[in-house]
Amino acid sequence: MRIVFAGTPEFAVPCLRAAAQRNEVVAVYTQPDRPAGRGRTLAPSPVKREALIRGIEVLQPESFKSPLSREALAALKPDLLVVVAYGLILPQAVLDIPTHGCWNVHASLLPRWRGAAPIQRAIQAGDAQTGVCLMQMEKGLDTGPVLLKQAIDIAADETGGKLHDRLAELGAQVLSDGLGLLRAGIRPVPQPQPVEGVTYAHKLDKAEARLDWSRPATELANTVRAFNPWPMAEAQLAGERVRLHGAVALPLAHGAAPGTILLTGRDGIDVASGEGALRIRVLQRDGGKAMTAADYLNGRRDLLAGA
C-alpha cells in the first residue's frame, strides 16, 4: 500500500510508527513549524520530528484550499490517507483522492465527544469509559462511520496526561488492526454513528482553568484531573493564586461559604465548595514547583489548624 499520514501533536506519533512499520508511508503531512519556547524560535511538530528520523518526506501546507496543494497530494498516488489530530480541515476534494478514502483515529467512543478535546472532556464529565474509534472520514466534524473501536475504563485518579498516553498507544493498536485487515483484502465494515448521544468536545481554553468554588466538589476534582498537564486548574486559596495538580472530592456536609478552608493537615487542604469539599493534595504557587499540601503548609503556617 501507499499510505500518506497526516498528523501534528505527540498523540499522533504512535500511530505514525504503526503505519510506517512496513515502510508503506510515502509522505507525511503536518502543520507548519510554529514558534515555541522562551526564544519563540520555529519548532517542528512531534510528527515532523518522527518523520524526519524515519527519512519520510514531509509536507506542510497552510491549507488545502489551493488546487496546487491538492495536486501535490494526488501526485503521491495514495491508497489511503491516515489522519490523526492533524489540525486542518480536509475538504471533500481531498477526501476523494485516496483509493480507500481517509481514515481518522479519534480518541473517544463516537458519537460521544466529537471535536478537539475528547480526552479532557471525558474526564471532566466524569465518564467511566472512553476509547478509540477508527473512522472513515467525511465532510462533517467527526461524523463519519466507524470502522473499528476499542473501549477502556477511565481510572478514578487518571489525569488528562495519563489518559492521553494510554489512548495514543491504543489508537496505534486499533490503526494497526485496521491496516492489517486492509492488507488482507478485508475492508472493515463502516458502521454509521448513532443519532443519539452526540456530544462535542470543545477546544480547551485557559479561561476555563479558574475553578468556581460554588460548583460541586466532584466537578472541581474532575476538572483538576482533566486539565493536568494543560491548562492546569487554578484557584484562589487564602488570598493567593495556586495551580492544582491533584485533588479529590469529599462528600462533606458543611455550612461554610464556598472557598472557605475547612481543615488543613498532612493529607491535604479541604476547601468548601457548593456541594461537598475539595481536598487539595498537590499544588503550585506562582513561580514555584508542584508540591504536596504538607510542604505548602510549611510555608503558610497561618493556615495550619490551631495557628
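Tutor: A residue is called buried when its relative accessible area is under 20%, exposed when that area is over 50%, and partly exposed in between, as found with a 1.4 Å probe and with protein chains only. The model is predicted, so that local features need pLDDT of at least 70 and side-chain atom pairs count only at pLDDT 80 or more, while totals for chains, interfaces and linings use all residues. Residues are numbered from 1 along each chain as its sequence is written, and side-chain values use heavy atoms, with hydrogens and water left out.

Student: What percentage of the residues of the chain count as buried?

Tutor: The C-alpha trace spans about 75 × 45 × 30 Å along its principal axes. Of the 307 residues in the chain, the share that counts as buried is 48%.

Student: How many helices and strands does the secondary structure of the chain come to?

Tutor: Helices (H or I, at least four residues) and strands (E, at least two) are taken as DSSP runs and numbered from the N terminus. Counted in that way, the chain comes to eight helices and 17 strands.

Student: Among contacts between residues at least 6 apart in sequence, what percentage join residues at least 24 apart?

Tutor: A contact here means heavy atoms within 4.5 Å. Among the contacts between residues at least 6 apart in sequence, the share joining residues at least 24 apart is 62%.

Student: Where is His 106, and is it buried or exposed?

Tutor: The place of His 106 is in strand S7, which covers residues 102-106. Leaving aside neighbours within four places in sequence, His 106 is in contact with Trp 113, Arg 114, Gly 115, Pro 118, Gly 131, Val 132, Cys 133 and Asp 142. Because its relative accessible area is 5%, His 106 is classed as buried.

Student: Which residue has its backbone oxygen 2.8 Å from a polar atom of the His 106 side chain?

Tutor: A polar contact is a pair of N or O atoms within 3.5 Å; within protein, one must be able to donate a hydrogen and the other to accept it, and residues adjacent in sequence count only if both atoms are side-chain atoms. The backbone oxygen that lies 2.8 Å from a polar atom of the side chain of His 106 belongs to Trp 113.

Student: Which residue has a backbone nitrogen that the side chain of Thr 199 reaches at 2.7 Å?

Tutor: Thr 199 lies in the loop between H6 and S11. Not counting residues up to four places away in sequence, Thr 199 touches Pro 111, Arg 112, Trp 113 and Arg 114. The backbone nitrogen that its side chain reaches at 2.7 Å is that of Trp 113.

Student: Which residue does a cis peptide bond join to Leu 110?

Tutor: The residue in question is found in the loop between S7 and strand S8 (114-115). The cis bond has an omega of about 15°, and the partner of Leu 110 is Pro 111.

Student: How far apart are the end C-alpha atoms of helix H6?

Tutor: The expected span of a helix is 1.5 Å times one less than its number of residues. Helix H6 (residues 160-183) has 24 residues and should therefore span 34 Å, which agrees with the distance between its end C-alpha atoms, namely 34 Å.

Student: Why does Asn 23 count as exposed?

Tutor: Asn 23 is found in the loop between helix H1 (13-19) and strand S2 (25-29). Although it is not a glycine, Asn 23 has a positive phi of about 55°. Asn 23 counts as exposed because its relative accessibility is 75%.

Student: What is the relative accessible area of Ala 238?

Tutor: Ala 238 lies in the loop between S12 and S13, and its phi is near 50°, a positive value in a residue other than glycine. Ala 238 is partly exposed, with a relative accessible area of 36%.
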